Amino acid sequence: MKSLIIAGNWKSNKTVKEAEDWMGTFHAAWDTDTTVILCVPYMVLGFLAAKKPQFLLGAQDVSAFGDGAYTGEVSARQIKEFAEWVIIGHSERRKNFGETDEALAKKVEQAKNSGLKIIYCVPDGNTVIPTGVDVVAYEPVWAIGTGNSDTPENANTVIAGIKAKSQVPKVIYGGSVTAANVASFTGQPSIDGVLPGGASLDAETFAALITNAR
Ligand code: PGA
């Protein structure tokens, strides 16, 4: 069986109390060839880590700097206390926070130096991918949060191209993935998993998505 990565992205949603409620209704089982990661807001990370969840935890961003006088930033070393993974380069960060390829390369370096595994997001098959990232997520901007996903066939073609060019071992798809359409993506030969945003916010929906991915 091919190994799969399913990485939920809560974005800037949920308080600690809401995360606790979510945990109360999340019941899912998956095989050892499936890696489930939940990328949550910073203040939820510590709370969920203490609950010792069956999934892995990830942050959604990381400082381009180390520890020190960088008000408002969270360093890779601080994240590593609670999480194994981090998303870098999400299109919402590129668009709303002006993150450039240069700044993102610094974030990748910080994450790597602290031993975090990296999901690096790209909007297309031509974006620069820094060396050393563990997983690339192909996320066409027009498909994010719109209910209008890419076709599985096109996502497969773009992902096959990224793999051929970059030597990244794992490339996943993100953009309006649901419990209903997930299998159409994970069934494609080059697609190694999915990055659902909206579909990770409801515990039962996310559990169904994990089940349906196989
Ligand atoms: P969506 O978000 O599943 O809500 O489209 C995906 C993402 O932005 O990672």
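Ground rules. I am working on a predicted model, in which local features need pLDDT of at least 70 and side-chain atom pairs count only at pLDDT 80 or more, while totals for chains, interfaces and linings use all residues. I number residues from 1 along each chain as its sequence is written, and side-chain values use heavy atoms, with hydrogens and water left out.

Overall form. I noted eight helices and eight strands in the chain; these are DSSP runs numbered from the N terminus, helices being H or I of at least four residues and strands E of at least two. The radius of gyration is 16 Å, close to the 17 Å from the globule rule for 214 residues, so the chain is as compact as a globular protein of that length. Here the radius is taken over C-alpha atoms, and the rule is 2.2 Å times the number of residues to the power 0.38. Along the principal axes, the C-alpha atoms fill a box of roughly 45 × 40 × 30 Å.

The chain exposes about 9700 Å², of which carbon and sulfur atoms supply 52%; the areas come from the Shrake-Rupley method with a 1.4 Å probe, and for residues only the protein chains shown count as cover. Among contacts (heavy atoms within 4.5 Å) between residues at least 6 apart in sequence, 66% join residues at least 24 apart.

Salt bridges. I have 11 in the structure, each a side-chain nitrogen of Lys or Arg within 4 Å of a carboxyl oxygen of Asp or Glu. In one of them, Asp-31 pairs with Arg-214, with the closest N and O atoms 3.2 Å apart. Asp-31 sits in the loop between helix H1 (16–25) and strand E2 (34–39) and Arg-214 in the segment after helix H8 (203–212), so the pair ties together parts 183 residues apart in sequence. Asp-31 is partly exposed at 25%, and Arg-214 is partly exposed at 38%.

I then checked Asp-67 and Arg-77, whose side chains meet in a salt bridge at 2.7 Å, N to O. Asp-67 is in the loop between strand E3 (56–59) and helix H3 (76–80), and Arg-77 is in helix H3, 10 residues apart. Asp-67 is partly exposed at 42%, whereas Arg-77 is exposed at 59%.

Glu-99 and Lys-107 also form a salt bridge, 2.7 Å from N to O. Shared partners join Asp-61, Arg-93, Glu-99 and Lys-107 into one network of salt bridges. Both Glu-99 and Lys-107 are buried.

Two single residues. I found Glu-20 in helix H1, partly exposed at 37%. Beyond four places in sequence, Glu-20 touches Phe-47 and Lys-51. Ser-190 is in the loop between helix H7 (182–186) and strand E8 (193–194), and is buried at 16%. Its contacts, neighbours within four places set aside, are Asn-156, Ile-159, Ala-160, Lys-163 and Val-171.

Conventions: Buried < 20%, exposed > 50% of the residue type's maximum accessible area, 1.4 Å probe, protein only.
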